[in-house]
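Reader: Could you walk me through this model, one question at a time?

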Amino acid sequence: MEQVTREEFRLSLTNLTAADRFDDRQQADPGKERAERLARLGVPERYIELEIDPAAIPEAARQWRTRQGNLLIYGRETGTGKTTTAAFLCKLIAETVTSFRFVGVPDLIIRARATWNAKRGGETEDEIVDKLVRPGVLILDDLGAEQSSETSLQLLYAVIDGRWSQNRRTVVTTNLEPADLVARYGDKITSRIFSGVQVQYSGNDRRIFTA
Ligand SMILES: Nc1ncnc2c1ncn2[C@@H]1O[C@H](COP(=O)(O)OP(=O)(O)O)[C@@H](O)[C@H]1O
Ligand SMILES: [Mg+2]
């Protein structure tokens with residue numbers, strides 16, 4: 001086997017042309033960079049890694065990207081693919097939309113509650129609302145799974161209405177049926193959530209009905 005001395009190895013590196021170096025850079029893993037970006041924007045790792053079967057993503061959800069308005073993904077049963085669909089859309093829009101954010105509603109309310117309890121320092125509620133109103137697309141995952149209170153309702157209203165009035169699009173996933181959403185959140189919040197496309201998931205076979 002041919003031995004390369006340390007000096008020869010060093011010389012071989014310095015003889016690399018600019019083009020060679022550029023090629024080296026291009027070999028940086030684009031899949032990894034994309035995954036890191038999705039993670040920074042809040043998409044849970046589990047769903048970033050999940051190999052999604054695109055055939056199981058309802059057409060109406062897919063087409064939402066090219067339509068106006070919000071997207072509501074709902075269905076009583078868990079595990080039918082609601083969050084998976086939202087994460088799939090994130091992967092698609094990450095290519096074109098410069099700003100989006102994925103947030104779990106229970107997490108959001110826990111974070112907000114920490115600001116209500118804290119005397120000073122840390123994130124303020126205004127900052128939380130602002131961060132969620134600003135992105136072009138926001139995914140609110142698992143609405144209805146949070147511990148509800150007057151204050152959590154106000155926070156959700158501020159986020160949803162703030163986005164609505166800026167014409168920014170919001171995707172909501174929930175285990176609640178539309179009538180349950182109205183009962184729990186009232187007309188003001190739900191009329192904004194409902195404006196756009198609704199996709200219902202039911203049963204294990206992920207049969208889809210659109211309204
Ligand atoms: N389109 C899909 N392709 C591949 N796996 C899927 C798909 N939809 C759902 N799954 C699987 O089902 C599990 C539950 O889906 P999830 O989106 O978390 O359900 P939900 O949010 O409705 O409770 C996922 O962790 C994933 O393993
Ligand atoms: Mg879910």
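Reader: Which residues touch the most other members of the largest nonpolar core?

Author: Keep in mind that this is a predicted model, where local features need pLDDT of at least 70, side-chain atom pairs count only at pLDDT 80 or more, and totals for chains, interfaces and linings use all residues. Residues are numbered from 1 along each chain as its sequence is written, while chains are lettered from A and ligands numbered from 1 in the order in which they are written. A nonpolar core here is a set of buried Ala, Val, Leu, Ile, Met, Phe, Trp, Tyr and Cys residues joined through C-beta atoms within 7 Å. The largest one has 39 residues, and those touching the most other members are Ile 73, Cys 90 and Ile 139.

Reader: What is Ile 73 in contact with, leaving aside neighbours within four places in sequence?

Author: Contact means that two C-beta atoms, placed from the backbone, lie within 7 Å. By that rule, the partners of Ile 73 are Ala 61, Lys 82, Thr 85, Ala 86, Val 172, Thr 173, Val 199 and Tyr 201.

Reader: Is Val 129 buried, exposed or partly exposed?

Author: Val 129 belongs to helix 8 (residues 125-133); helices are DSSP runs of H or I with at least four residues, strands are E runs of at least two, and both are numbered from the N terminus. Burial goes by other C-beta atoms (placed from the backbone) within 10 Å of a residue's own: buried at 20 or more, exposed at 12 or fewer, partly exposed in between. Because Val 129 has 18 of them within 10 Å, Val 129 is partly exposed.

Reader: How many of the residues around ligand 1 are nonpolar, polar and charged?

Author: Among the 13 residues around ligand 1 (C-beta, placed from the backbone, within 6 Å), Ala 56, Gly 81, Lys 82, Thr 83 and Thr 84 come nearest. Helix 6 (residues 82-93) gives the largest share of the shell, 3 residues. For the classes, Ala, Val, Leu, Ile, Met, Phe, Trp, Tyr, Cys and Pro count as nonpolar, Asp, Glu, Lys and Arg as charged, and the others, Gly among them, as polar. The shell splits into 4 nonpolar, 7 polar and 2 charged.
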